[in-house]
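Here is a briefing for a reader who is new to this structure. Look it over first, then read on by topic.

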Amino acid sequence: MKDTITVGLLGLGTVGSGVIEILEDHKESIQHKTGCNVTIKTVLVSNLSKPRDIDNTSTQLTDRYEDITQDPEIDVVVEVMGGIDHTLTILREAIENGKHIVTANKDLVAQHGAELFEASSRNKCDLFYEASVAGGVPIIRSILDGLSSDKIRKMMGIVNGTTNYILTKMTKEGVDFDAVLKEAQELGFAEADPTADVDGLDAARKMTILSILGFSMPFNLEDVEVKGIRGISLADIQYAEQLGYSVKLIGVAEHDNTGVSVSVEPTLLPSEHPLTSVNDEYNAVYVYGDAVGETMFYGPGAGKLPTATAVVSDLIAVVKSLRLGTSGSAYVQPQFPKLVKEKKDQLTKKYMRLHVHDQPGMLMELTKIFAEYGISFDQIIQREADKHDERELMMITHQVSEEDFERAFKDLESLSSIRSVDSVFRVEGSN
């Protein structure tokens, strides 16, 4: 066994510099835990002329990825540069050349994970990706190892820090969506193009990964129902509080004998639910298992050192595999064929806010439509609207199938008494 494990680092942004910092600051501890030195030999950067703050003179910079993928001295490639197509090309070549992989790239894992896992298994290489979901929260290793003896029934969580930060500010300070988004961009919590975050795509990719691992089925991004937070208003947040709920962007993956459903959507959570207290940029994943019951994993979902900590933890796992001679054996193919629930089997409660014309029989007309599909209501609240001849309704159903709700909703939209349907959200749990 080699005394030194040599690393090639792809990317020197926020997380890449954090990886270097942790490896330097915790050098003795890592050597004690692994029995060997871990050093970064080469770092791939896009601009060689840009000033870099790297104290380790033994680390060289390159703008040619082949200097890493084709270097026989490099044992492990750590990928923290992001991107999909070009990054996939690099990692393919690295694996074919016998390099072990550690990545924080949830987009790549969600879309091309099966291919990379097959290639790494064929070449007897490890591929670890703890940092790809929930940053510094060790949820992937917990599912693969800590809960491996259990049967997971449900996973739900806040897995995007940007949207959680926005909703927290809206809730606590009464600031509208556009203003909070602008502030989040100025503070660096949101990207210049926030589409992936606020439209739920980032969370959907993470829920794809969790569903594959938790249920051992080959899911992909197209299996996830996705709805973002752009349509959430201060009125929804305030009404939810009055009803005893908080509004969060929640990813939910559920498994029962009818199959699996995976979704990301704005959700009303009861005020006493543990996820309700998860605020700002923090992430948390709630896991229900047959044996263990309920567990929750909480921590920072992003950031330089939290994410880098997850990356280095995976790097340590690679080194331990090398020393034990078990490299390439960590990945297990999904055990079961994919079974996606039909909409008639997807059961949940729903919240609706709508404006209606204030006319006799209006409420009876509404409830009659829902009654035709067997849908009843847990709460109905009427309020005066801005216009004197209108009313604002907030309604929470009892549990209903997605199929029946969609049919009722389609009929509802055809009513002349409906001026606008302002919001439709999932409701989780009971109040």
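Which helix gives the most to the lining of the second largest pocket? Helix 6 does, with five residues. This is a predicted model, in which local features need pLDDT of at least 70, side-chain atom pairs count only at pLDDT 80 or more, and totals for chains, interfaces and linings use all residues. Residues are numbered from 1 along each chain as its sequence is written, and side-chain values use heavy atoms, with hydrogens and water left out.

**Terms for spaces and elements**

- Spaces are found on a 1 Å grid over the protein atoms alone. A cavity is a set of points where a 1.4 Å probe fits but cannot get out. A pocket is an open set with protein on both sides within 12 Å along at least five of seven lines. Lining residues have an atom within 4 Å of a point.
- A volume is the space filled by probe spheres set on the points, with grid points joined across faces, edges and corners.
- Helices (H or I, at least four residues) and strands (E, at least two) are DSSP runs, numbered from the N terminus.
- Ala, Val, Leu, Ile, Met, Phe, Trp, Tyr, Cys and Pro count as nonpolar. Asp, Glu, Lys and Arg count as charged, and the others, Gly among them, as polar.

**The largest pocket**

- The largest pocket holds about 1,200 Å³ of space.
- It is lined by 38 residues, and Val15, Lys106, Glu191, Asp202 and Ala302 are the closest to its centre.
- Helix 1 (14-25), helix 5 (106-122), helix 7 (161-173), helix 9 (195-198), helix 10 (201-215) and helix 12 (304-324) each give two or more residues to this lining.
- The lining of the largest pocket has twelve nonpolar, 15 polar and eleven charged residues.

- Glu191 sits in the loop between helix 8 (177-187) and helix 9.
- Glu191 is exposed, at 55% relative accessibility. (Exposed means over 50% relative accessible area, buried under 20%, and partly exposed in between, with a 1.4 Å probe and protein chains only.)
- Beyond its neighbours within four places in sequence, Glu191 is in contact (heavy atoms within 4.5 Å) with Gln185 and Asp197.
- Glu191 and Gly8 are 183 residues apart in sequence, and their C-alpha atoms are 27 Å apart.

**The second largest pocket**

- The volume of the second largest pocket is about 800 Å³.
- Among its 31 lining residues, Ile143, Leu144, Ser148, Leu213 and Val332 are the closest to the centre.
- Strand 6 (127-128), helix 6 (139-146), helix 10 and helix 12 each supply at least two lining residues.
- The lining of the second largest pocket has 19 nonpolar, six polar and six charged residues.

**Helix 6 against helix 10**

- The axes of helix 6 and helix 10 come within 9 Å and cross at roughly 10°. Axes are lines fitted to C-alpha atoms, for helices over the stretch in contact, and angles run from 0 to 180 degrees between N-to-C directions.
- Helix 6 and helix 10 are therefore roughly parallel. (Under 35 degrees counts as roughly parallel, over 145 as roughly antiparallel, 65 to 115 as roughly perpendicular and the rest as oblique.)
- Ile139, Ile140, Ile143 and Leu144 of helix 6 meet Ile209, Leu210, Leu213 and Gly214 of helix 10.
- By class, this contact has seven nonpolar, one polar and no charged residues.

**The cavity**

- The structure has one cavity of 30 Å³ or more.
- The largest cavity has a volume of about 40 Å³.
- Its lining consists of Ser120, Ser121, Cys125, Asp126, Leu127, Gly328, Ser329, Ala330 and Tyr331.
- Four of these residues are nonpolar, four polar and one charged.

- Leu249 lies in strand 9 (245-256) and is buried at 5% relative accessibility.
- Thr163 lies in helix 7 and is buried at 2%.
- Leaving aside neighbours within four places in sequence, Thr163 is in contact with Asp197, Val198, Ile229 and Leu249.

**Positive phi in loops**

- Lys124 has phi near 55°, a positive value in a residue other than glycine. Lys124 lies in the loop between helix 5 and strand 6 and is exposed at 61%.
- Asp280 also has phi near 55°. Asp280 lies in the loop between strand 10 (259-270) and strand 11 (282-289) and is partly exposed at 28%.
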